[in-house]
Amino acid sequence: MLRDVHVTREEATSLFKQLIDNVQLLLSCNYIHGDLSAYNMLYWDDKLIVIDFPQVVDVRQNRHSRELLFRGLENVYCYFSRFGVDASPRRITDGLWHKFMR
């Protein structure tokens with residue numbers, strides 16, 4: 001599990017980018033992970049794998065989707081910030097929401 005892994009700053013930056021790519025992929029299909037955290041990601045061979053898909057929420061059916069997206073990004077940012085990743089969960093949420101929820 002990612003929560004049990006200590007990574008370098010370079011690895012953390014790469015993994016955070018992979019996470020954002022995964023979030024974008026889900027959003028492009030109208031879904032978000034309703035419980036995104038370092039507990040619901042695996043790390044193996046320099047790759048990040050999001051798990052626990054029963055927690056996925058259809059953004060068209062849940063009026064709290066944007067808040068769930070922000071909460072998830074904030075959760076994972078707390079993990080990655082320990083390794084030097086500098087990002088704004090609010091800005092990322094707003095940008096992704098604007099991009100995919102037209």
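A charge sits over a ring if NZ of Lys or CZ of Arg is within 6 Å of the ring centre and within 35 degrees of the ring normal. In this predicted model, the charged end of R90 meets that rule over the ring of F70, 3.7 Å from its centre. The points below cover the aromatic pairs and a nonpolar surface patch.

**Aromatic pairs**
- The count of aromatic pairs comes to three.
- F16 and F80 form an edge-to-face pair, with 5.5 Å centre to centre and 70° between the planes.
- Because F16 lies in helix 1 (residues 9–28) and F80 in helix 2 (residues 65–81), this pair ties together parts that are 64 residues apart in sequence.
- Y79 and F80 also form an edge-to-face pair, at 5.1 Å centre to centre with 80° between the planes.
- Ring pairs link F16, Y79, F80 and F83 into a cluster.

- F16 has a relative accessible area of 9%, under the 20% cut-off, so F16 is buried.
- F80 has a relative accessible area of 0% and is buried.

**Nonpolar surface patch**
- A nonpolar patch on the surface is formed by M1, Y39, L42, W44 and I49.
- Together these residues have about 550 Å² of accessible area.
- I49, one of the patch residues, lies in strand 3 (residues 47–50).
- I49 counts as partly exposed because its relative accessibility is 39%.

Technical notes. Residues numbered from 1 in each chain as written. Predicted model: local features only at pLDDT ≥ 70, side-chain atom pairs only at ≥ 80, totals over all residues. Heavy atoms only, no water. Phe/Tyr/Trp six-rings, centres within 6.5 Å; stacked < 30°, edge-to-face > 60°. Helix = DSSP H or I, 4+ residues; strand = E, 2+ residues; numbered from the N terminus. Buried < 20%, exposed > 50% of the residue type's maximum accessible area, 1.4 Å probe, protein only. Patch = residues over 30% accessible without salt bridge, like charges linked within 9 Å, V, L, I, M, F, W, Y side chains within 5 Å. Areas by Shrake-Rupley, 256 points an atom, 1.4 Å probe, with all protein chains shown as cover. Salt bridge = Lys/Arg side-chain N within 4 Å of Asp/Glu carboxyl O.
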